Amino acid sequence: MFKALADPTRRVILDELTERDGQTLFELCTRLAMKHEVTSSRQAISQHLDVLEGAGLVTTRRDGRYKFHYIDTGPLRAIAQRWPVQT
């Protein structure tokens, strides 16, 4: 999971899914280009999503020919519970 969070592009993808969950690859690529000037190819973004999915931070759902991506903050909550931050 830490490897998945280490990359700035993957963090931006998670930010976008936090703002608007359930996006397709096309929607994510468009929002990343427009809002964050991330001009990576669709293939590169897809590879980033695969890493995030492998880390358990993104889940997917297929509907016809579309694949929707959703953020899953469960693994992050597990870290916060294991090592709580003292304020």
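How many residues does helix 2 have, and how far does it reach from its first C-alpha to its last? Select residues 8-19, the extent of helix 2, bearing in mind that this is a predicted model. Helix 2 has 12 residues, and the distance from its first C-alpha to its last is 17 Å, close to the 16 Å expected at 1.5 Å a residue.

**Helix 2 and its cap**

Begin at the N-terminal end of helix 2, which is capped by Asp7. Display the side chain of Asp7 and the backbone of Thr9: a side-chain oxygen of the former is 2.8 Å from the backbone nitrogen of the latter.

Next, colour the buried residues of helix 2, namely Thr9, Arg10, Val12, Ile13, Leu14, Glu16 and Leu17. Their cover includes helix 1 (2-6), helix 3, helix 4, strand 1 and strand 2.

Now select His48, a residue of helix 4. With a relative accessibility of 14%, His48 counts as buried, because the limit for that class is under 20%. Show the side chain of Arg10 as well: a polar contact of 3.0 Å joins it to the side chain of His48. Apart from neighbours within four places in sequence, His48 is in contact with Asp7, Thr9, Arg10 and Ile13.

**Helix 3**

Move to residues 25-36, which form helix 3. This helix has 12 residues and spans 16 Å between its first and last C-alpha, close to the expected 16 Å. Where do its buried residues lie when the helix is seen down its axis? Select Leu25, Leu28, Cys29, Arg31 and Leu32, the buried residues of helix 3. Viewed down the axis, they fall within an arc of 170°, so they line one face of the helix.

**Glu37, after helix 3**

Proceed to Glu37, which follows helix 3 and is placed in the loop between helix 3 and helix 4. Its phi is positive, about 55°, although Glu37 is not a glycine. Is this residue buried or exposed? At 68% relative accessibility, Glu37 counts as exposed.

**The aromatic pair**

The count of aromatic pairs comes to 1. To see it, select Tyr66 and Phe68, whose rings form a tilted pair, 6.4 Å centre to centre with 45° between the planes. Tyr66 is partly exposed at 43% relative accessibility, whereas Phe68 is buried, with a relative accessible area of 17%.

**Ala55**

For the last stop, select Ala55, in the loop between helix 4 (42-54) and strand 1 (58-63). Which residues are in contact with Ala55, leaving aside its neighbours within four places in sequence? They are Met1, Ala4 and Pro75. Finally, draw a distance from the C-alpha of Ala55 to that of Thr30: the two residues are 25 places apart in sequence and 24 Å apart in space.

Notes. Residues are numbered from 1 along each chain as its sequence is written. This is a predicted model: local features need pLDDT of at least 70, side-chain atom pairs count only at pLDDT 80 or more; totals for chains, interfaces and linings use all residues. Side-chain values use heavy atoms; hydrogens and water are left out. Helices (H or I, at least four residues) and strands (E, at least two) are DSSP runs, numbered from the N terminus. Contact means heavy atoms within 4.5 Å. The expected span of a helix is 1.5 Å times one less than its number of residues. Buried means under 20% relative accessible area, exposed over 50%, partly exposed in between (1.4 Å probe, protein chains only). The arc is that of the directions from the helix axis to the C-beta atoms. A polar contact is a pair of N or O atoms within 3.5 Å; within protein, one must be able to donate a hydrogen and the other to accept it, and residues adjacent in sequence count only if both atoms are side-chain atoms. Rings of Phe, Tyr and Trp (its six-membered ring) pair if their centres lie within 6.5 Å; planes under 30 degrees apart count as stacked, over 60 as edge-to-face and the rest as tilted.
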